[in-house]
Every structure is written in C-alpha cells, then in structure tokens.
Amino acid sequence: MFKDITLGQFFPGDSVIHKMDPRVKLVLTVLFIIMLFMAKNIYGLLVGIAFTIISYLLSRIPFSMILKSMKPIIPIVTFTAVLNVFFIRTGDLLWSWRFIKIYNDAVNTAVFMVVRIVCLIVGTSLLTYTTSPIDLTDAIERLLSPLKRIGAPVHELAMMMTIALRFIPTLIEETDKIMNAQKARGSELDTGTFKEKVRGMVPIFIPLFVSSFRRAEELATAMECRCYHGGEGRTRMKQMSTAPRDWFACVYVAVFWAGIIVMNMFFK
Amino acid sequence: MQVFLNADNVRFSYLSDDEPPVKNEVLKGVSLKVEKGEFVAVLGHNGSGKSTLAKCFNAINIPESGTVTVNGMDTKDDSRLLDIRKSAGMVFQNPDNQIVATIVEEDVAFALENLGVEPEEIRKRVDVSLKLVDMYDYRMHAPHKLSGGQKQRVAIAGILAMEPECILLDEPTAMLDPRGRTEVMETIKQLNETKGTTIVLITHYMEEAAQADRVVVIDGGEVMLDGTPKEIFSQVETMKNLGLDVPQVTELVWRLRKDGYDLPADIITEDECVEALAGLMS
C-alpha cells in the first residue's frame, strides 16, 4: 500500500533551474516571497506573475505538476476570497441583491489576494520541485552555518533532517509489515467505528516505536564506529559552487524587483 | 607476524535496567590475539559474548579490567579514539541501521567527512571503495531501493573508505538471503586476499567459518577453542556440547565414521567430502 512513495515533491530534471546552486535558489525564493508582498497594486502583481511563469517555463516542469501543487490550497483560497467579496464594504457598489452587496474594493482585494497566494505557492513549490530534499537540507545547513558561532545547533538539525529523510521509506516499509502481521492475527483495521479504528492503531504504533528506538540506538553505534563526533572539523564530499547561471539568476530576480518598485511608484 | 588486535584478560559486564541494577558479566577474562592479515571467524551461540568482544576491539566497549590494544593503541586512551576506529572498522548485522545518507555515495563518504578529509580525496576514495565491493554502478541510488546483500556491501564500502587495516564484521550475513550471503562472503574473502585486510568475522554459519584461516569459539564469556577450521570442526562432539553445529559435510562424515566407514575426520568442504566419498566407493 505504501510502495513507491515519493519523498517531498522533487521532480528530477536537468534544466537551468535544476542545476542552480541550491543555496542561491533558496535565497532567491525568499526574495521572491518578499517581492510578492512588496507589490502594492495589480500592475506590480502582474510583474510577479510574469516572474513565476517565466521561471516555470525555464524549469520545464509539466503543467500538471503545477496544478497538483495548487490543489491543497484551493479550499483556503476560495474561502478567503468569498469572505473578502462579501464583507468588505467600501468603494462603489457594484451589485446588490437583498442583503448581499458587492463593492469594487472587495473585488479588488479578493483578486489581489488570490493572485498573491497562488503565486506564492506555485513559486515556492518550484524550489521543492527542482531541488532534492538532501540538497535542500545541505543548503540550509550551509546558509545557516554563521549561526553556529552564536551556539545554534545548525549541524545537528541538518543531520537530524538527513536521517529523517533516510529513514522515512524504511519506517513506511516497517509499518506496512507490522500492519500485515497484526491483520494476520485477526485485528480489524479498516472496519468499525472511528473509536475502534483509532484503538486499532495502537498495536501498530507500539511495535513501530519500539523498533524505531532500537534502530536509533544501532544507528548511533554505527555512526560512532565511522568516527562521527559532531559537526566540528567535518568536511563535505560535495562542494557547492556557484556558476555563472547563478549570477544570471540573481540579476533576473533583481530586474523583477526593480520592476515591482517602479510599478509601485507609477501607479497608485 | 605482527599482532594487530590484542585482548588481554578482558572482563566486561552490562548493567540491567532493573532497580537496583543487576550486573551481568558477559566477558570473563578473554584473551585473544589476532595477527595482521589474518582471517579469523568467531563462533559462539547467542549471549556468548562474541559481539561484546568485537565492540571492545573498536573502543565502543571499554573493558572493566584487562586491556585491549589495536595496532598497539590502548582503547582506554581517549586521544587515540578516532585512530582506533579508523584502523578497525566495524560492520553490523542490520544493513538498514548503519546507512546514514539517502544516496549510496554520500553514505560511503560519511566516515571520511567525519575525519575531515579533503573533498577531492574523499571523491577518490569513495570511488575506489565502491569499486572494491562492486557497487560503483549503484553510487547514485537510494539505499532503500537496494537488496540486502547490496546494502551490506555499501556498508562495507563505507568502512573501506577509511582504509582500515582490520574489519570487524558482526554477523554481516545474518539478515541476508543465500545470494546476498555469498556476495558478502566473496567481498570479505577478496579483501583479505588482495588487500591483506585483517578480518574478524562473527558468524552463525559454519560454512562461512570454514572459509577462515582460524576459528575461535567463545562460550560463556571465555575462549573455549582456538585453531584452524579443520582442528576445530573435527571435534564434532565438543562443538555439539557447546551448542554449536559443524559444517554439514563434516557432520555427514562424522556419522559415517561412527558407522565404521574409513574416512578422514577433518573434512570441512564439499569438495573434500565428494573426493573422500568417491575414493571410498571405488
């Protein structure tokens, strides 16, 4: 039942965006989010939309994947849009029917918000689509490494993330095995009331926890055997290096930033 | 020959979780010398202390009394800890629980990254180690997609990357299917023969032990027998009393001898057995 699970939503490829230094990609994504929130009017937002579309075309991610990334946010977006449309009561009255009154400010705010959220989600999923979870973890560790000086456990957190990523498939497989074992002993996992179903999970989670602790202990010993002694003095096999394309990407983001600032200044 | 691993009258106990803790002495004065380049198989049933002993050679366990030295370095000496673990690498039973990274080559690089080796040197040694265990083609794979034997070979490569003089293997084949077992045994033997790596193999499989230069039997925290596979396995009754088996062919020959057939007592491989039986029948 859990076979072939994909971790994160990485979509392997060899586009320019895939090949970018993950550190640069991460920083630029943060800048992109700030950019979206800087836009004060619909024209500024159009610049943001253009940026998102161009980036997607460059990454050659199929359109269906983009739709998939939007799916989980559809309910929230519709809900907030509807609230905005019906409850903002400023500007000119556009349309009214009994107690429902719709004003132009309301429509503006709603459209603005929807576009902004969609751009935000679609744009940030581009990062997770084009960067493997392990590269992302590495990039986070390296970007945050200055914080080590003030005692933040950056290396430890990154190591925990790596190990978690490594063990997700293993534990999924194990859960599957335990479920089958419990079914073979006659436990009914899929039937009964909600309460019974929840109770049915207990004999699955207890063995899973016990075995996870055992795994953790064995892994810790194995890591010690391989001379692990924390992040101090550690080197990395894979070095992250910036190539000209990363600088192009920075320029590209800078241009769009400028675009939004200009739009903010010229249109009110 | 130079002694590489040396355990001298080693005692070790675990404390149980009970209140008050109960002391459970696992090693009761074990003395064992392993020479450089030797292939030693350690036998003993569950709870005999063989894994505990292996962990003593790697400074995971520090003996209560007695000394353990690895290439002349005392395992009590904290300042030499990394050197000891670097020269005596350890491979465990469950391949899943010793692979740290999500990509094969990243995992093989793990030990070297810990030791602070230069990136180019890491790359070079990772490639060499993966080729040695014949897993180079899988270097970009995710570990959970490999078979048990392949995972275990990746784990061995992760140890080999440190270029250890000795590898301790704690039942590396126990969780593998017969094919994986053969793969791992081939790798171990090849390392011993071509690179002269000292091998200490803890195992439950008598057929694997029969391939070693020397067999050590541990029981109740003490070394009971120590000799060549032929010397050890020809003592079929002693082995049975210790709760251990002998290779299938040895058992066969032993039964035939009991029935009065004239066969040599020290047969441990199938080939020897076939030859002896053919000789008997002609």
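Visitor: Hey, quick one to start: is B:C166 buried or exposed?
Guide: B:C166 counts as buried, because its relative accessibility is 0%. Keep in mind that this is a predicted model.

Visitor: OK. How far is the sulfur of B:C166 from the closest cysteine sulfur?
Guide: That distance is 12 Å, and the partner is A:C225 over in chain A. It's too far for a bond.

Visitor: Remind me, what is a disulfide?
Guide: It's a covalent bond joining the sulfur atoms of two cysteines.

Visitor: How many disulfides does the structure hold over all chains?
Guide: The count is 0. Take A:C227, which is in no disulfide: the nearest cysteine sulfur belongs to A:C225 and lies 8.5 Å away.

Visitor: And A:C227, buried or exposed?
Guide: Buried, since A:C227 has 0% relative accessibility.

Visitor: Let's switch to the two chains. How much area do chain B and chain A bury between them?
Guide: About 3,100 Å², with 58% of it on carbon and sulfur atoms. B:N97, B:E113 and B:N114 supply 21% of what chain B buries against chain A, more than any other three residues.

Visitor: How many residues does each chain bring to the contact?
Guide: Chain B gives 37 residues and chain A gives 28.

Visitor: What about salt bridges, how many across that interface?
Guide: The rule finds 8 between chain B and chain A. One salt bridge pairs the side chains of B:E113 and A:R234, at 3.2 Å from N to O.

Visitor: Which element gives the largest share of the side of chain B that touches chain A?
Guide: That's α3(B), with 10 residues. By class, that side of chain B has 20 nonpolar, 9 polar and 8 charged residues.

Visitor: And polar contacts, how many residue pairs?
Guide: There are 17 residue pairs in polar contact across the interface of chain B and chain A, counting pairs with both residues at pLDDT 80 or more.

Visitor: New topic: where is A:L126 found?
Guide: A:L126 sits in helix α6 of chain A, which covers residues 104–130. A:L126 counts as buried, because its relative accessibility is 9%.

Visitor: What is A:L126 in contact with, leaving aside neighbours within four places in sequence?
Guide: A:L126 touches A:I17, A:S55, A:Y56, A:S59 and A:I61.

Visitor: Last one. How far apart are A:L126 and A:R166?
Guide: They're 40 residues apart in sequence, and 23 Å apart in space from C-alpha to C-alpha.

Terms used
Residues numbered from 1 in each chain as written. Chains lettered and ligands numbered in written order. Predicted model: local features only at pLDDT ≥ 70, side-chain atom pairs only at ≥ 80, totals over all residues. Heavy atoms only, no water. Disulfide = S-S within 2.5 Å. Buried < 20%, exposed > 50% of the residue type's maximum accessible area, 1.4 Å probe, protein only. Helix = DSSP H or I, 4+ residues; strand = E, 2+ residues; numbered from the N terminus. Contact = heavy atoms within 4.5 Å. Buried area = accessible area lost by both parts, 1.4 Å probe. Salt bridge = Lys/Arg side-chain N within 4 Å of Asp/Glu carboxyl O. Polar contact = N/O pair within 3.5 Å; in protein donor to acceptor, adjacent residues only side chain to side chain. Nonpolar A, V, L, I, M, F, W, Y, C, P; charged D, E, K, R; others polar.
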